[in-house]
Amino acid sequence: MTDSAATDPIRQASKPYDELLKLLRDAATLSSVQTLLGWDQETIMPPAGAALRADQLAGMSGVTHRAWTSPRIGELLAACEADGAVRADEGALANVREARREFERATKLPTDLVEEMARTFSLSIDAWKDARARSDFAAMAPWLEKIVALNRRKAEFYGVPKPTDPGAGETTVLYDALLDEYEPGMTAWRVERVFKPLRARLTPLIAAIASAQKRPSGAILETGAPLDAQIAFNRFVAEAVGFDFNGGRLDVSAHPFSETVGPGDIRMTTRYSEERALDSVFTTLHESGHSLYEQGLPKAARFGQPLATYISLGIHESQSRMWENFIGRSPSFWKWALPNAARIMGPAFAKFSLDQAYGAANLVKPHFIRVESDEATYNLHIMLRFDLERALISGDLKVKDLPGAWNDRMKSDLGLTVTDDKIGCLQDIHWSMGAIGYFSTYSLGNCYAAQFWETMQKEMPDMERRHERGEFAPTLAWLTEKIHRHGRRWRAEELCKRITGQGLGHEALVRHLEGKLKPIYGL
Ligand SMILES: [Zn+2]
């Protein structure tokens, strides 16, 4: 897939636009150093390097922030906004619009706050690793208090966003300033309009599954394989779906992630369990989905420009969930993957039928841990976090009361009794790394993915037959053409409307889950 449409130079020459793009590229180059330091911290840095790393990250974040907020960028943005050549070009206009947004946000924050956040979040990640290992919430509480206070200060500098749809009764709160960073234009009010009906449909489905007579066996998931065979199989799967190893890496980390250093350097991680070999495959598919999005952005030609940047975390997550859940838990995928698993990881996988593999990939069972949850109950985990983090920012919930509030919700929403904070409110890295306002984007991504999936099935009627043969290239080409290559040309919901004809909604996700799970569970 080329990005020729996206690399067309602006039709008429514009000096301020050219200079703006150069400064954006310089700033992105500095940011990429910071990204690399973060990747190293999560993968191979020795533990004793943590204090120096916090100083390095604080220093680099200051340098980067000064580059993004240089007064020259402000002058150039104003010149571009008045420049007829820029205004006549849709792509250039999108670049200027989004660069203006980022510039406004960055200049609202004082550099000392940016540095303090970088240092605090880097140290608190290490404190969290330790606190989580010992299930010691008391050790983590002072860090969380600092993090909530820093996020509140940040949100106050940003200011409460204006409602985009006041006619529909939309209201905005301080928390929206944080959410807007991860999902531009989104507000808690709008998220709730998706989450409430989604919960109302998921709760009875999950309850019906829990009491269903028919239940698939998870035996194939309990099948192990030697580490080197698992690594070989995961690389095979990542390559088959289109991950370019010449421009990327697959490593190991405790908490899998994918990270874009820059053009030609997209890094992802997975984790392996000798006893449960297939877990890593779903993780690798998920991270591959993120990485394929990044590899499909026109980074080589447009590094640093909004047109080479992902739209939002919700859209990013729609791509990871597409490969992990919609493709990776489908019968056509397993028709291809199962014989390959047996060939690469050993004959233990040959004793399972396609039905058994497909059923196991779609087991629904409430779990304490978000990342080990199935496609249906997963969304309840997100709603719980979304509600609690909003309460932390509004002040309705004190950090010291977080474990109790968490455990109450796990009981009422998922029927689980948390006895240990390690599998309760200490399980996720997000709050410890300062990311408040992030969680809802996971379920928004599920909704977007379901909406895209329905359109893909219509527009590519042979898609799933091709997946049975391991032919994923046309699917990736479709995603690249419709989503990846456009970068941040449109907002998430506008992209969704362009592709599917509909705005964001919960119905497609419900249709997907009911359509798949009811037959599996004989409902
Ligand atoms: Zn993800």
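Biologist: How many residue pairs are in polar contact between domain 1 and domain 2?
Modeller: This is a predicted model. Both residues of a pair must reach pLDDT 80 or more to be counted. Between domain 1 and domain 2, the residue pairs in polar contact number 15.

Biologist: Which helix gives the largest share of the side of domain 1 that touches domain 2?
Modeller: Several helices supply at least two residues each to that side, including H1 (4–7), H6 (90–108) and H8 (137–158). Helix H2 (15–43) is also one of them. The largest share is 11 residues, and it comes from H2.

Biologist: Where does the chain divide, and how far apart do the C-alpha centres of the two domains lie?
Modeller: Domain 1 covers 5–159 and domain 2 covers 188–520. The contact takes 42 residues from domain 1 and 45 residues from domain 2. The C-alpha centres of the two domains lie apart by 26 Å.

Biologist: Which residues in domain 1 lose the most area to domain 2?
Modeller: The two domains bury about 4000 Å² between them. Carbon and sulfur atoms hold 61% of that. In domain 1, three residues together make up 18% of what that side buries. The ones that lose the most area are Trp 39, Trp 128 and Phe 137.

**Salt bridges**

Biologist: How many salt bridges cross the interface of domain 1 and domain 2?
Modeller: Side chains of opposite charge can pair when their charged atoms come close. The side chains of Arg 489 and Glu 90 meet in a salt bridge, at 3.5 Å from N to O. By the rule, the count of salt bridges comes to 47. Across the interface of domain 1 and domain 2, the rule finds three.

Biologist: How many residues apart in sequence are the parts that Arg 153 and Glu 116 tie together?
Modeller: Arg 153 and Glu 116 form a salt bridge, with the closest N and O atoms 3.7 Å apart. Arg 153 lies in helix H8 and Glu 116 in helix H7, so the pair ties together parts whose separation in sequence, in residues, is 37.

**A hairpin**

Biologist: Which residue takes a positive phi in the hairpin of E2 and E3?
Modeller: Strands E2 (residues 258–262) and E3 (residues 265–270) run antiparallel, joined by four bridges. Thr 260 stands opposite Ile 266 in E3. The hairpin has two residues between the strands. The residue with a positive phi, near 75°, is Gly 264.

How values were computed:
Residues are numbered from 1 along each chain as its sequence is written. This is a predicted model: local features need pLDDT of at least 70, side-chain atom pairs count only at pLDDT 80 or more; totals for chains, interfaces and linings use all residues. Side-chain values use heavy atoms; hydrogens and water are left out. Domain bounds come from an automatic or database domain assignment. Contact means heavy atoms within 4.5 Å. Buried area is the accessible area (1.4 Å probe) that two parts lose on being put together, summed over both. A salt bridge is a side-chain nitrogen of Lys or Arg within 4 Å of a carboxyl oxygen of Asp or Glu. A polar contact is a pair of N or O atoms within 3.5 Å; within protein, one must be able to donate a hydrogen and the other to accept it, and residues adjacent in sequence count only if both atoms are side-chain atoms. Two strands pair if DSSP finds at least two bridges between them.
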